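User: I'd like to learn how to read helix packing and chain contacts in a model. Can you walk me through it?

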Amino acid sequence: MSGSQQGATQGAERTDDLLETRDLDAGYGDLQILDGVDMRVGDEEYVTIVGPNGAGKSTVMKSVFGLTTHMGGTVTFAGEDITALNPEDIIHKGMSYVPQSDNVFDTLTVEENLEMGAYILDSVPEEQLRVIYDRFPILEERKTQKAGTLSGGQQQMLAMGRALMLDPDLLMLDEPSAGLAPDLVDEMFDRIDSINEAGTAILMVEQNAKEALRRCDRGYVLVQGQNRYEDSGDALLNDEEVRQEFLGG
Amino acid sequence: MGATQAYIRGRKLITERPGLVVVSAIAVLLFLDLVRRILTGATLISTVAGYVWNGTVIGLIIGLAGIGLSLTYSILNFANFSHGDYLTVGAFSGWTASYLVAGLGTATIGELFLLNASPRDIGITATAEPLSIVAGLVVAIVMTILIALLIDRLVYEPMRDAGGISLLIASIGVALALRYFVVFVYGTSLRGLTAGDVPKVSPTIVDGTITIDAHEATLVVSAVLLMLGIHVFLQQTKFGKAMRAMSDNKDLARVTGIPTERVIQWTWLLGAGLAGSAGYLIALKRGSMGFNLGWVLLLLIFAAVILGGIGSIYGAMIGGVIIGIVRNLSLVWLPTDFSLAAAFLIMILILLFRPEGIFGGVKTA
């Protein structure tokens with residue numbers, strides 16, 4: 001069985017897409033990284049992007065969030081064209097983004113970090129704060145502690161908690177398992193599963209490709225700025241070509 | 001066992017950081033010498049107390065001005081060499097307002113506006129004309145903020161993505177432009193501002209008295225209140241927290257939805273407001289000012305900010321007070337001409353032995 005070759009029209013066949021990029025070209029300054037990327041994330045869907053280093057996985061997320069130079073194509077979110085909007089505007093649309101590193105405010109307390117997550121609201125949403133503290137009890141225990149003094153795993157939870165403060169429809173996670181001790185990686189994936197089960201769509205970039213594909217609904221394999229394969233996570237895992245080329249056999 | 005460990009640790013310190021040991025030894029010797037001088041009566045305790053008080057007064061001004069420099073550094077990423085001239089702008093605009101309030105009727109508007117009226121005729125002291133002092137302080141703050149925002153719009157905003165060095169060089173240009181704009185309007189002469197008897201108290205400290213006058217008291221109270229205000233603003237208000245968040249991590253602030261342009265405007269607003277008030281207050285304490293007022297203080301302000309840990313506003317406050325006190329305390333051993341050197345020596349020592357500054361890494365938190 002072979003992974004389906006991605007066509008530019010495939011995204012258009014579905015109408016219930018939350019996020020859709022069509023023929024997206026983007027990069028930094030003059031340097032183009034993405035070359036005609038077509039991706040979609042449905043409501044409450046869990047999608048991962050895997051691929052070799054330098055393929056532009058993180059750039060996809062940054063481009064969706066308005067952090068790169070837009071060079072062509074469109075991004076729609078919940079039926080609205082958000083191509084090349086500023087991050088300050090995109091955050092209002094119901095999408096949150098957790099960068100790979102430096103994703104907490106080190107010198108602010110845990111509680112202040114979460115408050116910043118809800119900056120665009122008039123007041124701190126107490127109910128949502130409760131939800132996040134229930135999901136990550138360690139954050140409540142350490143709420144007066146400076147984020148910079150937390151362990152790597154706790155910082156990752158805080159970064160997710162911060163992104164969840166607006167109760168987004170889509171959560172974009174860039175390498176959530178990076179830098180975590182091996183025994184914490186599984187726990188992190190469990191937490192992401194449960195966030196997804198609670199109704200938030202996930203778009204995730206992961207280096208830990210096998211585990212990510214095992215967990216997700218659907219996956220993309222990105223190579224040299226183009227999406228080469230798209231299929232359900234299990235199908236990609238079992239695809240001989242994908243295994244040989246990108247998953248180390 | 002404990003003694004052996006202490007010995008081993010001591011030996012390690014001497015071999016690894018001999019400079020630190022020498023400097024610490026000199027500090028201990030100076031302290032012992034101070035004790036000796038006090039015991040033999042060569043230096044009075046009240047003299048030392050007087051130095052500490054004077055140092056604190058100057059130090060608070062330096063610290064107040066340093067907050068803005070530190071904020072600009074951490075949020076806009078450049079060392080602002082025009083910051084000293086914001087003090088000058090504050091001093092001149094504020095004192096113009098004070099003269100207008102206090103001197104209306106005694107001199108012509110033109111004389112008052114250009115500060116050409118005789119200080120003796122106007123007779124401003126904090127107790128004789130308190131309203132003019134308050135008005136002057138408010139105008140100093142407001143005018144400096146307006147000018148800083150205007151300069152940001154004209155100069156720094158178009159350069160937002162430029163590197164720190166380009167911005168630094170641009171700020172030197174701004175510094176010169178501001179200073180000579182002041183010269184253009186007010187001229188280059190050093191001018192007296194206050195006149196009349198300033199009420200003083202002279203509390204006894206062990207073996208003598210120190211003098212605290214009403215202008216120093218005004219300065220200390222205003223500076224401490226402004227510092228408390230900025231502390232509460234940064235720690236308790238949502239926007240203050242957003243400022244700290246942005247000084248910590250600009251990229252993350254952006255994806256969190258913090259309005260970065262507005263934070264930058266507030267950085268100017270707070271930094272310039274404090275600089276303007278510092279300029280006004282130092283002129284009140286000295287009773288005179290010239291167009292070089294802020295430029296001359298700028299190096300001390302930089303020293304304070306670097307000493308405290310650049311980017312940290314608490315470091316700037318503490319650094320300012322340390323610089324002020326060291327400079328004055330050095331008078332125990334050194335002639336006045338060398339006191340400035342002592343202040344910079346402390347800065348150099350801190351940079352050598354703790355390059356990140358006293359509060360380095362703590363940032364505005």
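Predicted model: local features only at pLDDT ≥ 70, side-chain atom pairs only at ≥ 80, totals over all residues.

User: Okay, how do I describe two packed helices?

Analyst: In general, you give the angle between their axes and the distance between those axes. Here, take helix 3 (residues 45–76) and helix 12 (residues 260–286), both of chain B: their axes are 9 Å apart, at an angle of about 160 degrees. Angles over 145 degrees count as roughly antiparallel, so that's how helix 3 of chain B and helix 12 of chain B run relative to each other. The crossing of helix 3 of chain B past helix 12 of chain B is left-handed.

User: Which residues of helix 3 of chain B and helix 12 of chain B meet?

Analyst: From helix 3 of chain B, they include B:Ile61, B:Leu64 and B:Gly68; helix 12 of chain B brings, among others, B:Trp268, B:Gly271 and B:Lys285. Sorted by type, the residues of this contact between helix 3 and helix 12 of chain B come to 17 nonpolar, five polar and one charged.

User: And how much area is buried between chain B and chain A?

Analyst: About 2,000 Å², with carbon and sulfur atoms giving 59% of that. Chain B puts 23 residues into the contact and chain A puts in 26. On the chain B side, B:Lys238, B:Arg254 and B:Val255 lose the most area to chain A, together 31% of what that side buries.

User: How many salt bridges are there between chain B and chain A?

Analyst: The count is three.

Terms used
Residues numbered from 1 in each chain as written. Chains lettered and ligands numbered in written order. Heavy atoms only, no water. Axes fitted to C-alpha atoms, helices over the stretch in contact; angles between N-to-C directions. Helix = DSSP H or I, 4+ residues; strand = E, 2+ residues; numbered from the N terminus. Parallel < 35°, antiparallel > 145°, perpendicular 65-115°, else oblique. Left-handed = near helix turned anticlockwise from the far one by under 90°. Contact = heavy atoms within 4.5 Å. Nonpolar A, V, L, I, M, F, W, Y, C, P; charged D, E, K, R; others polar. Buried area = accessible area lost by both parts, 1.4 Å probe. Salt bridge = Lys/Arg side-chain N within 4 Å of Asp/Glu carboxyl O.
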